[in-house]
Amino acid sequence: VTSIATLKTKRIYMLEKAKVAPAIDGKLNDVCWKTAVIVDSLEKINKKGIPESTPDQRTKIYLTYDDSNIYLAAHCDEKSPDNSIVAKIKDRDGGIWNEDSIELFLDPGHTKSIYFQFITSAIGTQLDASKRGNVEKWNVVWQSSALKSDDDSYWDVEFAIPYKILNASVPKKGDVWGISICRDDAPLGL
């Protein structure tokens with residue numbers, strides 16, 4: 001991966017509850033994305049996790065929730081010289097963090113002792129993992145979908161993460177969750 005973009009600083013986002021759940025189809029045309037919290041302050045980090053600069057590629061993240069799921073959508077511009085999106089791995093839990101992908105880390109309750117990781121590549125391949133002490137292999141049912149533009153100038157992805165797989169309840173007013181979002185921007189030629 002040539003670059004990883006993640007949130008610049010720790011921030012608090014107050015999510016709006018979606019009135020209607022999005023169709024998880026990779027199309028960001030659902031009504032809920034118009035009222036979702038928008039996160040577009042990602043920062044490029046190096047292999048040691050140290051912030052370096054503004055990312056080479058623009059990424060816009062949308063977050064919302066309802067009584068069943070937390071939802072994430074991402075619009076990822078692809079401005080490399082030939083607009084090449086790198087995503088070839090089709091095996092679930094393969095090394096898609098080395099390709100163009102979006103990673104979502106969730107810590108319900110902001111305990112700082114556990115987290116759940118979800119990754120979807122630009123072609124919709126999924127990876128999930130959890131950390132509770134030691135990293136565990138963890139395969140659960142969640143939804144994601146991705147769509148690439150015809151000219152490879154951008155790609156979009158949507159996630160729906162059910163609370164039940166996180167052993168979490170629907171967030172109530174005042175609840176705090178830890179969240180980290182990364183865009184993996186793969187070099188050409190992988």
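**Note on side-chain pairs in a predicted model**

1. Arg 92 and Asp 128 form a salt bridge in which the closest N and O atoms are 2.1 Å apart. Arg 92 lies in the loop between β6 and β7, and Asp 128 lies in strand β9 (residues 126-132), so this pair ties together parts that are 36 residues apart in sequence. With a relative accessibility of 37%, Arg 92 counts as partly exposed, whereas Asp 128 is buried, its relative accessible area being 4%.

2. Lys 17 is partly exposed, with a relative accessible area of 39%. Asp 67 is exposed, because its relative accessible area of 51% is over the 50% cut-off.

3. A further salt bridge connects Arg 183 with Glu 78, the closest N and O atoms being 3.2 Å apart. This pair also links distant parts of the chain: Arg 183 sits in strand β13 (residues 178-185) and Glu 78 in the loop between β6 and β7 (101-107), 105 residues apart. Are the two partners buried or exposed? Both Arg 183 and Glu 78 are buried.

4. Aromatic side chains also pair in this model, and the count comes to five aromatic pairs. Among them, Trp 33 and Tyr 62 form a tilted pair, with 6.2 Å from centre to centre and 55 degrees between the planes. Trp 33 is in helix α1 (residues 31-35) and Tyr 62 in strand β5 (residues 59-65), so the pair ties together parts that are 29 residues apart in sequence. Trp 33 counts as buried at 4% relative accessibility, and Tyr 62 counts as buried at 13%.

5. Phe 118 and Trp 142 form an edge-to-face pair, with 5.0 Å from centre to centre and 70 degrees between the planes. Phe 118 lies in strand β8 (residues 114-121), while Trp 142 lies in the loop between β10 (134-137) and β11 (143-148); the pair links distant parts of the chain, 24 residues apart. Phe 118 and Trp 142 are both buried.

6. Which residues do ring pairs link into a cluster? The cluster consists of Phe 118, Trp 142 and Phe 159.

Technical notes
Residues are numbered from 1 along each chain as its sequence is written. This is a predicted model: local features need pLDDT of at least 70, side-chain atom pairs count only at pLDDT 80 or more; totals for chains, interfaces and linings use all residues. Side-chain values use heavy atoms; hydrogens and water are left out. Rings of Phe, Tyr and Trp (its six-membered ring) pair if their centres lie within 6.5 Å; planes under 30 degrees apart count as stacked, over 60 as edge-to-face and the rest as tilted. Helices (H or I, at least four residues) and strands (E, at least two) are DSSP runs, numbered from the N terminus. Buried means under 20% relative accessible area, exposed over 50%, partly exposed in between (1.4 Å probe, protein chains only). A salt bridge is a side-chain nitrogen of Lys or Arg within 4 Å of a carboxyl oxygen of Asp or Glu.
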